[in-house]
Amino acid sequence: MDLSTVKLDIPKDCNIILVQTHFIKTVEDLYEVMVGQVPSCRFGMAFCEASGPCLIRSDGNNPELIETAVGNMQKIAAGHTFIIVMKDAFPINVLNAVKNCPEVCTIFCATANPVEAVIAETGHGRGIMGVIDGSPPKGVEQEKDKASRLDLLRKFGYKRG
């Protein structure tokens, strides 16, 4: 088995959700999740089929984000994996609905950080073993850091007062 990492492309002001799934119908179901949860969200998605023609299936409502999703899946090239690249929404807006999609097995990450997928490859194929999401800690939160965190949450509308 060979292990490698794949750096994912995340456009400015975008987030991704990277998942393991199990069925081609996921493309339609997650499209409905995205437009149902945040109708104004722009997004692209791509799915690596694991059997039959083994194509990268894609959809979305923004050509550039669809292209980014497809490009990421071409680099990952692991069956039954799926990515959503979104703008004008945060993963928190859609994540529970994504988790509740019957075809979704595992969520590897939901992030805007630099992220790398850890890929295992055998003679049989490729799979995502996990992700490296963002940077390691640089210290422990102090009172001024806590105040900054709460201010950020207020700015996003997730905390009052």
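## A walk through the salt bridges, cores and pockets

A search of the whole structure turns up 10 salt bridges (a side-chain nitrogen of Lys or Arg within 4 Å of a carboxyl oxygen of Asp or Glu). Before you start clicking: this is a predicted model, where local features need pLDDT of at least 70 and side-chain atom pairs count only at pLDDT 80 or more, while totals for chains, interfaces and linings use all residues. Residues are numbered from 1 along each chain as its sequence is written, and side-chain values use heavy atoms, with hydrogens and water left out.

**Stop 1: charged pairs**

Select R42 and D88. Their side chains meet in a salt bridge, 2.7 Å from N to O. R42 sits in strand β3 and D88 in the loop between β5 and α3, so the pair ties together parts that are 46 residues apart in sequence. (Helices, H or I of at least four residues, and strands, E of at least two, are DSSP runs numbered from the N terminus.) R42 has a relative accessible area of 33% and is partly exposed; D88, at 43%, is partly exposed too. The scale here: buried is under 20% relative accessible area, exposed is over 50%, and partly exposed is in between, with a 1.4 Å probe and protein chains only.

Next, pick K25 and D29, a salt bridge with its closest N and O atoms 2.6 Å apart. K25 is partly exposed at 38%, whereas D29 is buried at 13%.

Now try D145 and K144, whose closest N and O atoms are 3.5 Å apart in another salt bridge. D145 is partly exposed at 30% and K144 is exposed at 62%.

**Stop 2: the cores**

Nonpolar side chains tend to be buried together in soluble globular proteins. Show I17, L30, M34, F82, I84, M86 and V98: these have the most contacts inside the largest nonpolar core, which has 21 residues. A nonpolar core is a set of buried Ala, Val, Leu, Ile, Met, Phe, Trp, Tyr and Cys residues joined through side-chain atoms within 4.5 Å. At least two residues of this core come from each of β2, α1 (26–37), β3 (42–48), β5 (81–87) and α3.

Centre on V98. What is V98 in contact with (heavy atoms within 4.5 Å), leaving aside neighbours within four places in sequence? The list is I17, V19, L30, V33, I84, V104 and I107. There is also a second, separate core of 20 residues, including I16, L18, A46 and V85.

**Stop 3: the pockets**

On a 1 Å grid over the protein atoms alone, a pocket is an open set of points with protein on both sides within 12 Å along at least five of seven lines; its lining residues have an atom within 4 Å of a point. Select N15, F90, P91, A112 and F156, which lie nearest its centre among the 13 lining residues. Two or more lining residues come from each of β2 (14–21), α3 (91–99) and α4 (143–156).

The second largest pocket is about 160 Å³. Its lining includes C48, E49, H124 and R126.

**Last stop: K159**

Go to K159, in the segment after α4. K159 is partly exposed at 37% and touches L150, L153 and R154, not counting residues up to four places away in sequence.

Terms used
1 Å grid on protein atoms, 1.4 Å probe; cavity = no way out; pocket = protein on both sides within 12 Å on 5 of 7 lines; lining within 4 Å. Points joined across faces, edges and corners; volume = space filled by probe spheres on them. Contact = heavy atoms within 4.5 Å.
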